[in-house]
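Hello,

I am passing a structure on to you, with some notes on what turned up in it. Please open it alongside this message and read along.

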Amino acid sequence: MAIITASMVKELRERTDAPMMDCTKALTEAEGDMSRGEEILRVRFGNKASKAAGRVAAEGIVGISLTADSKTGTLLEVNSETDFCAKNEAFIAYVDALASVINEHNPADMAAAATLPMDGATVEETRAQLAGKIGENITPRRFVRIAAQGKLSSYIHGGKIGVLVDLVGGDDELGRDIAMHIAAAKPKALNADGVDVALIETERRVAIEKALEAGKPEAMVEKIAEGTVNKYLKEVTLLNQMFVKNDKMSIEQLLKSKDASIASFSMYTVGEGIEKAVVDYAAEVAAAAKV
């Protein structure tokens with residue numbers, strides 16, 4: 001039997017907003033598996049229990065670089081320890097310059113990017129100098145470089161959400177509208193084919209367990225699960241989402257009306273998937289006092 005610690009219960013409560021006792025029961029049932037515990041609470045309390053999936057803990061900004069013809073573009077995320085650093089002019093200039101360097105040289109990955117020339121030094125040397133000057137750890141985390149089939153449109157919201165869209169046909173206004181829609185609606189893929197199978201199976205599993213707990217006949221359970229999955233796919237696929245500027249029209253309908261299509265898109269949200277350590281100084285002092 002897995003040992004359920006207070007810190008595990010606290011983490012699950014922060015993820016879900018569920019009562020402490022229910023978090024303890026869910027972790028016990030899940031034998032300490034945090035993801036499974038979250039699923040159990042979603043069955044019990046609904047989608048409120050998935051709020052932490054979008055929680056962003058790390059700081060930093062995104063940067064975008066486009067060629068003059070908008071045929072090649074790079075979307076980049078660089079992390080910092082504090083938002084104070086993320087607003088520093090030297091930090092912002094570094095991110096913009098790094099996006100341009102990557103867009104020009106097309107490195108295979110971030111390790112290769114670190115060796116590229118930048119401001120009379122390498123990318124890594126420039127990063128280290130900036131980190132020493134500001135006094136924070138600065139980490140170029142990830143990038144995507146797109147060679148467009150059509151023309152790239154971009155949008156950055158508050159420095160924290162960055163979007164690149166490869167639009168075939170249409171015009172600049174349409175491209176920007178769709179990029180802004182993506183930043184607002186946060187689709188997971190262009191269509192159902194691009195959605196992670198694991199996410200679909202999680203939705204199906206939760207729907208089945210909720211239906212069984214509600215006492216639905218077993219003959220209906222699979223139909224209910226299928227309906228839930230289809231609804232989920234409509235919500236998270238770009239082409240099926242309703243356009244944020246006109247909720248009577250889907251993105252697919254909007255594109256057809258403009259004789260356009262989307263070859264691909266990329267979106268970064270700063271700190272996505274990173275958990276920032278929370279230091280409980282009171283607990284540390286209390287523990288030290290017992291020594």
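Is Glu77 buried or exposed? Glu77 counts as buried, at 0% relative accessibility. Here buried means under 20% relative accessible area, exposed means over 50%, and partly exposed lies in between, with a 1.4 Å probe and protein chains only.

Before going further, please note that this is a predicted model, in which local features need pLDDT of at least 70 and side-chain atom pairs count only at pLDDT 80 or more, while totals for chains, interfaces and linings use all residues. Residues are numbered from 1 along each chain as its sequence is written, and side-chain values use heavy atoms, leaving out hydrogens and water.

**The chain as a whole**

The chain has 12 helices and 10 strands; these are DSSP runs numbered from the N terminus (helices H or I, at least four residues; strands E, at least two). Of its 291 residues, 42% count as buried.

**Salt bridges**

The structure holds 16 salt bridges, each being a side-chain nitrogen of Lys or Arg within 4 Å of a carboxyl oxygen of Asp or Glu. One of them joins Glu77 to Arg142, with the closest N and O atoms 2.6 Å apart. This pair links distant parts of the chain: Glu77 sits in strand β2 (residues 72-80) and Arg142 in strand β5 (residues 139-147), 65 residues apart.

Another brings together the side chains of Glu39 and Arg36, at 3.0 Å from N to O. These two are three residues apart in helix α3 (residues 34-45), so about one helical turn separates them. Glu39 counts as buried at 10% relative accessibility, whereas Arg36 is partly exposed at 25%.

Asp83 and Lys87 also meet in a salt bridge, at 3.1 Å from N to O. Asp83 is partly exposed at 26%, and Lys87 is exposed at 61%. Elsewhere, salt bridges that share partners join Arg36, Glu39, Arg205 and Glu209 into one network.

**Helix α10**

Helix α10 (residues 218-236) has 19 residues and reaches 28 Å from its first C-alpha to its last, close to the 27 Å expected at 1.5 Å a residue; that expected span is 1.5 Å times one less than the number of residues. Its buried residues are Val221, Ala225, Val229, Tyr232, Leu233 and Val236. Seen down the axis of α10, they fall within an arc of 100°, so they line one face of the helix; the arc is that of the directions from the helix axis to the C-beta atoms. The buried residues of α10 pack against α9 (197-213), where contact means heavy atoms within 4.5 Å. On the other side of α10, Ala219, Lys223, Lys231 and Lys234 are exposed.

Best wishes
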